Amino acid sequence: EITEACIELEGQFFQTEGFRKTQWMQTCDILIQGKPIGKIKVCYLEDRQAVNGGPFVREEYSLIAAIAERIGHTIDRIRGRMKLRQSEAFLRTVVKAITNPFAVINADSYTIELANAAYGGGNAAGQKCHAVLHQRDIPCTGDDYPCSVLEVKRTGKPFVGEHVHCDAQGNPTHIKTYAYPVLDSKGSVFQVIEYQIDVTGQRQTANELKQRATELEETNTALKVLLKRREDDKREIEEKIFANFQLTLSPILYDLEKTLTQDKQQDILKILKSDLKNILSPFSKKLSDKMILLTPTEIHVANLIKLGNANKEIADLLNCSSNTISRHRDNIRKKTGLKNQKINLRSYLLSLE
């Protein structure tokens, strides 16, 4: 009847109706993790017989201390549960905000413990991950479809892999999976966090780029062939132009040089030969035809040999001796690479046509 009490907690007061401070009062701090957050106060409203120097007995001091301790523990537990609920709510909000499939999987049973809507949400929780993702009764196996949970358990490290899933219409989709271990107090993997990204578009783009690269490579090869053929055609034309000059025009110019007697005619002939030489000199550097190396007289002799004329007949036509024709024959064999070879000169010259 004469006892009142008050609990003071972080600026709030919870007290009996008639509580007021008196000189007969005992107090005890309320602690959480060693830090005071409030007090318990118990007082008498009238004088009590002094016991051990005060109005309260030893057991009453022990009682108020035990109550303060229990209140501290109770508040700590309540606040812990509140923080846990807040953390869980925050985690669920975060998981819900993730647009790609996200799940927490039990590492031992392969059971989905938490999943966002993209992973299946509440329908997926409690089911096996391989059943939800691959419609399989057992975990994924093999190098083509490695199980992310199994790989994380085996290595204790994060894992990145790629699987082919099927959508609701049965169309294949390429899914890249990122898996991370959650360790218990002993350092063992007891949960796996799994996150998935649809890379089908990237795969298609990569395949298209690869196909285009192949097409470009084939086109480039074809262009190289065409350029090579163009260069060959160009070189062949240049060779024909120079060969025609050397084998056709050059002997005629040589004959003109011998037959023209007037100085003016000789000057015009020199200009003509010089201009032709300047025009054809780039072509001559690229030619390997052995007939090009022959002089105009040797070309005359070679043409008469191809017609079947003997040395004496050629000598009469060119108004020179047979020995001179023999020397021309030797020079022709030497310049065409037939020296010391048992090859008929006329047959060889005919083969060059």
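The accessible surface of the chain amounts to about 24,000 Å², with 53% of this area belonging to carbon and sulfur atoms, as computed by the Shrake-Rupley method with a 1.4 Å probe. The structure is a predicted model, in which local features need pLDDT of at least 70 and side-chain atom pairs count only at pLDDT 80 or more, whereas totals for chains, interfaces and linings use all residues. Residues are numbered from 1 along each chain as its sequence is written, and side-chain values use heavy atoms, with hydrogens and water left out.

Of the 353 residues in the chain, 31% are buried, a term that denotes under 20% relative accessible area, with exposed meaning over 50% and partly exposed in between (1.4 Å probe, protein chains only). The chain has 10 helices and 9 strands, taken as DSSP runs (helices H or I, at least four residues; strands E, at least two) and numbered from the N terminus.

The structure holds 2 aromatic pairs, rings of Phe, Tyr and Trp (its six-membered ring) being paired if their centres lie within 6.5 Å, with planes under 30 degrees apart counted as stacked, over 60 as edge-to-face and the rest as tilted. The rings of Tyr44 and Phe56 are stacked, because their centres are 4.7 Å apart and their planes stand at 15°. Tyr44 belongs to strand 4 (residues 35-44) and Phe56 to the loop between strand 4 and helix 1 (58-97), so the pair ties together parts that are 12 residues apart in sequence. Phe56 and Tyr61, with ring centres 6.0 Å apart and planes at 75°, form an edge-to-face pair. Tyr44 is buried at 8% relative accessible area, as is Phe56 at 3%, while Tyr61 is partly exposed at 40%.
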